[in-house]
Structures are given as C-alpha cells and as structure tokens.
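This report describes selected features of one protein model. The sequence and the structure are shown first, and the description follows.

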Amino acid sequence: MANVAPTIEPTELDPYAPEAQLNPNPYYDRLRELDPVIYVPGRDVWLVPGHAEAVQVLRNHADFVSGDGVTFEVPSTRTERYPLIENDPPVHDHIRRSMQPSFTKRAIEVFRPGVEAAAASIVQDALAQGEFDAVKVVAQEMPDRAMTLLTGITPPSAQTLADWSDATSRGEEPSGTEEHATQVMEALTWLVAEGLPNMPAHCLGRLIVDDGGNDGGLEEGSQRIMTLASIWLAGIDSTGAVLGNAINAFIDHPDQWDLLRSRPDLIPNAAEELLRYGTPFRAFFRRTRATAEVEGIEIPAGSRVAVMLAAANRDPRQFPDPHRLDITRENAKTHLAFGNALHVCLGSPLARMEITSLLTELTRGVERFERAGDAIQSPSQTVHKLETLPVRIVPAEGA
Ligand code: HEM
C-alpha cells in the first residue's frame with residue numbers, strides 16, 4: 001500500500017514564500033529531511049526535493065507528463081505550446097530528432113571561434129571598465145552573442161532579449177502578470193516580423209523555418225516558429241543566470257578562484273560545479289494523469305509535481321558537503337541543472353561552451369573580483385539569478 005505524503009501548510013513550507021525564495025538552501029535542506037514527496041495544499045503542488053527522486057520522476061515520463069505544462073501555471077494567453085519542452089512522446093521525440101543533429105557536441109564546435117571571440121571581447125570590455133555590473137556587462141552579454149551566432153537572429157538589444165527571456169518563465173509563475181504575458185507576445189511578434197526576415201542565408205533559424213529541421217520533419221507554420229522561438233528564448237536567461245551566479249560564487253570563494261587560475265585544466269569541471277552550485281531553474285514541473293508513485297508515496301491523478309532541480313543539486317546524499325563550492329568535486333557532472341532523460345537540455349553543449357570560454361578569458365584577465373556594492377536578487381520565482389552584481393576587478397598581471 002502506498003503511503004500518503006505529509007501535508008504541510010503553505011506558510012510553513014511554501015516554495016514561493018519570500019524566505020524560501022531569497023534564502024532557499026536552508027529551506028531545501030528542511031524539505032529533503034522531511035520526506036521524498038511533500039504536498040503543499042495552499043499551492044496544490046507536490047514537491048520532489050531529493051536528487052534520486054527527481055531523477056526518478058524525470059525518467060518516468062509516462063506517469064509524469066510534460067504535455068500538460070512544465071511550469072507552475074499553465075499559460076493562459078499563449079495559445080501555441082512550445083513543441084519540445086511541452087510535448088511527450090511520440091510528438092516530442094519526432095521534433096527532437098529533427099533538431100538533435102544541430103546540437104551534438106560536434107555540431108556546436110563550429111561556433112567555438114565565435115563564442116571564444118565573444119568571451120574575449122566581453123572580458124576586455126569589463127577590464128577596461130574596472131568597476132561595473134557583472135550581470136549587464138558580462139552575464140547577459142555572453143548568451144546574447146552566442147545565441148545570435150547559433151540562431152542567426154539579431155535581437156533589438158541584449159537587454160530587450162534578456163527581458164523577453166525573463167518574461168517567458170515569469171509569466172507562468174504564481175506572481176506572473178499580464179505584463180509578462182504581453183512581453184512574451186511582443187517577443188514572438190518581433191521574431192516573425194523582424195527577426196526571421198533578417199536572418200542570414202545559412203543559420204539554424206533558416207534550417208528550422210525554411211527546411212523544417214535536419215530531416216524536414218517539422219510541420220510548416222507555427223510548429224516551426226515555436227520550435228525556433230523556444231530554442232532562442234531558452235538559451236538566454238538560463239545561461240546568463242549561471243554566469244552571474246558563478247561570478248558571485250567566486251567572490252565568496254576566492255580560494256576556488258585562485259585554484260582555477262592556477263589550474264586551467266579544471267575549467268570544464270568548474271563549469272559543472274558552478275551549474276550545480278548556482279542552478280538557475282529552481283524547478284520544472286510535471287503533471288499526473290493517473291495515480292503515480294514516488295518512493296511508495298501516492299500522488300493522485302491531475303497533480304502538479306515540482307521537480308526541484310536546485311534542491312536536488314544540494315542533496316548531501318548525492319553531493320557530500322553540498323553547500324561548499326568545490327571545483328574539483330568528482331561527481332559535479334551528475335547535477336540536474338540541465339534536467340535529465342528525454343527532455344534534458346538540448347542547448348547544453350552551447351551553454352557549456354559559453355561558460356568554459358568565459359571562464360578561460362576571466363581566469364587570464366582577472367586576478368580577483370571584489371564587491372563594489374550589494375548584489376540584488378531577481379524577483380523571478382523560477383530562475384535563481386541576480387538582477388545586479390556590482391563588482392570591481394583586480395586585473396591579472398599583464399592583462
Ligand atoms: C546554463 C544554461 C541552461 C540551463 C541551466 C538549461 C536548463 C534546461 C533544463 C533544466 C531543461 C529541461 C526542462 C524539463 O525537463 O522540462 C532544458 C530543456 C531545454 N533547453 Fe536548456 N538550459 C540552458 C541553456 C539552453 C540553451 C543555450 C538552449 C538553446 C540553445 C536551450 C534549449 C533548451 C531546449 C530547446 C529544451 C527542451 C528540450 C526538450 O524538451 O527536449 N537551453 N534546459
């Protein structure tokens with residue numbers, strides 16, 4: 001017989017309570033110690049905070065579906081679903097097959113020179129400024145440039161694109177507003193009216209919109225547009241958040257920064273550790289259509305289930321001493337920042353390239369980061385990220 005999950009009042013363990021949002025780690029620790037699955041009635045949500053259980057849910061796509069929405073709220077104004085993330089097999093797999101060849105590590109390698117040049121110019125600009133907001137000058141710039149290289153779409157400005165990408169997730173969280181929904185519609189309208197006509201002859205955007213993907217399998221019309229739109233918007237806020245969180249983490253852990261500067265061979269592993277430590281997506285959601293079970297706890301049909309990626313990435317059963325940033329951590333790569341199983345992040349090879357390229361340039365140019373003011377956390381309830389991060393750079397010798 002399945003057990004029943006403990007019920008906790010939202011005031012006590014609400015994932016959207018200000019304290020849980022601003023200082024999530026003690027909250028995540030408490031959740032994980034309670035039970036593998038916790039029901040919060042005030043929000044009508046089932047929380048899965050442990051690493052092993054999160055993997056279990058993500059792998060069980062038959063019981064925990066994506067097709068009924070992967071965010072807290074099911075979008076009300078956007079009528080078209082995102083073809084990859086909001087579909088289940090077989091439709092999801094069909095679309096993913098059309099896109100996957102463009103996203104293998106090998107395929108993404110063609111962007112390396114461009115991504116590395118972008119990283120170098122961003123770091124040069126930062127060094128020239130000396131004191132700046134690392135979110136605006138570094139974190140948001142990198143994905144803006146990388147996604148233009150990848151997709152062929154040149155946005156009106158890095159800030160506009162960052163705002164559109166931010167609105168994509170914020171519109172579907174409890175405090176989402178009409179303004180967020182309007183911004184998403186604005187992004188989609190701009191994409192069709194201005195983004196697509198100005199794309200160069202050979203780019204991912206044309207491959208999707210003109211050819212229907214690598215195997216021509218994408219349906220003409222909205223399926224193609226929404227596939228491109230979702231890839232484009234998914235690659236901005238996510239990577240920007242990781243990069244801002246990474247610089248912030250190194251300010252707090254100067255020993256790890258010194259170690260990375262002396263051991264550039266650790267950069268790929270440091271990128272994984274930073275993804276674990278500064279996981280941007282707090283959670284992705286699944287829905288049940290029939291009774292499902294996690295570790296003997298029954299979840300009724302029609303439930304909303306939060307797979308708490310950021311909590312899972314601080315699970316001591318998976319990551320000993322989880323609140324310590326350790327760029328030598330051996331299993332850092334088992335983090336769930338990119339999800340797991342069939343919806344695992346399509347863009348992860350590009351995101352990894354952006355993070356490692358930027359770290360490479362920063363380790364060459366920056367001896368130390370210092371705080372130049374208080375970091376301000378974004379009000380986003382979905383993405384754990386900074387809105388501003390004032391820093392002062394002590395340049396490396398010869399930089
Ligand atoms: C560090 C940066 C990134 C993080 C942390 C991240 C995280 C994630 C996560 C957690 C998922 C799984 C969602 C789920 O299971 O429901 C996902 C899926 C996805 N991501 Fe990323 N992402 C990042 C960057 C990117 C980039 C750069 C792109 C595009 C170039 C991208 C495109 C996608 C797409 C299209 C999906 C849906 C895949 C599918 O459903 O098959 N992401 N991402």
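Buried means under 20% relative accessible area, exposed means over 50%, and partly exposed lies in between (1.4 Å probe, protein chains only). Helices (H or I, at least four residues) and strands (E, at least two) are DSSP runs, numbered from the N terminus. In a regular strand the side chains alternate between the two faces of the sheet.

The model is predicted: local features need pLDDT of at least 70, side-chain atom pairs count only at pLDDT 80 or more, and totals for chains, interfaces and linings use all residues. Residues are numbered from 1 along each chain as its sequence is written, and side-chain values use heavy atoms, with hydrogens and water left out.

Strand 3 is joined to strand 2 (residues 38-40) by 3 bridges, and these two strands run antiparallel. Here Y39 stands opposite W46. Strand 3 is also joined by 3 bridges to strand 9 (residues 304-307), and this pair runs parallel. In strand 9, V305 stands opposite W46. Two strands pair if DSSP finds at least two bridges between them. These strands belong to an open sheet of 5 strands with the order 2-3-9-6-4 and mixed pairing. Its edge strands are strand 2 and strand 4 (64-65), each of which pairs on one side only.

## Backbone exceptions

Most residues other than glycine have a negative phi, and most peptide bonds are trans. D44, which is not a glycine, has a positive phi of about 50°. D44 belongs to the hairpin of strand 2 and strand 3, which has 4 residues between the strands. At 40% relative accessibility, D44 counts as partly exposed.

A341 is another residue other than glycine with a positive phi, near 70°. A341 is found in the loop between helix 17 and helix 18. With 31% relative accessibility, A341 counts as partly exposed. The peptide bond from P89 to P90 is cis, with omega near 5°. P90 is placed in the loop between strand 4 and helix 5 (91-99).

## The iron donor

Which residue is the protein donor of the iron atom of the ligand? The only one is C345, through SG, at 2.3 Å. Donors are N, O and S atoms within 2.8 Å of the metal (3.2 Å for Na, K and Ca); water is not among the atoms, so sites may look incomplete. C345 has its place in the loop between helix 17 (309-312) and helix 18 (348-365).

An open sheet of 3 strands has the order 5-13-10, with antiparallel pairing. Strand 5 (131-133) and strand 10 (366-371) are at the edges with a single partner strand each, so one side of each is left without a neighbour in the sheet. From one strand to the next, the twist averages 35°.

Strand 10 pairs with strand 13 (residues 390-395) in the antiparallel sense over 5 bridges. F369 has I393 in strand 13 as its bridge partner. Helix 14 lies across strand 10 and strand 13, running at about 90° to strand 10.

## Helix 14 against helix 16

Two packed helices are described by the angle between their axes and the distance between the axes. The axes of helix 14 (residues 237-252) and helix 16 (residues 267-277) come within 9 Å and cross at roughly 100°. Axes are lines fitted to C-alpha atoms, for helices over the stretch in contact, and angles run from 0 to 180 degrees between N-to-C directions. Helix 14 and helix 16 are therefore roughly perpendicular to each other. Angles under 35 degrees count as roughly parallel, over 145 as roughly antiparallel, 65 to 115 as roughly perpendicular and the rest as oblique.

From helix 14, V242, A246, A249 and F250 meet L274, L275 and Y277 of helix 16. The residues of this contact divide into 7 nonpolar, no polar and no charged. Ala, Val, Leu, Ile, Met, Phe, Trp, Tyr, Cys and Pro count as nonpolar, Asp, Glu, Lys and Arg as charged, and the others, Gly among them, as polar.

## V184 in helix 11

V184 lies in helix 11 (residues 178-195) and is buried, with a relative accessible area of 7%. Leaving aside its neighbours within four places in sequence, V184 is in contact (heavy atoms within 4.5 Å) with Y82, A167 and T168. V184 and L233 are 49 residues apart in sequence and 9.6 Å apart in space, C-alpha to C-alpha.
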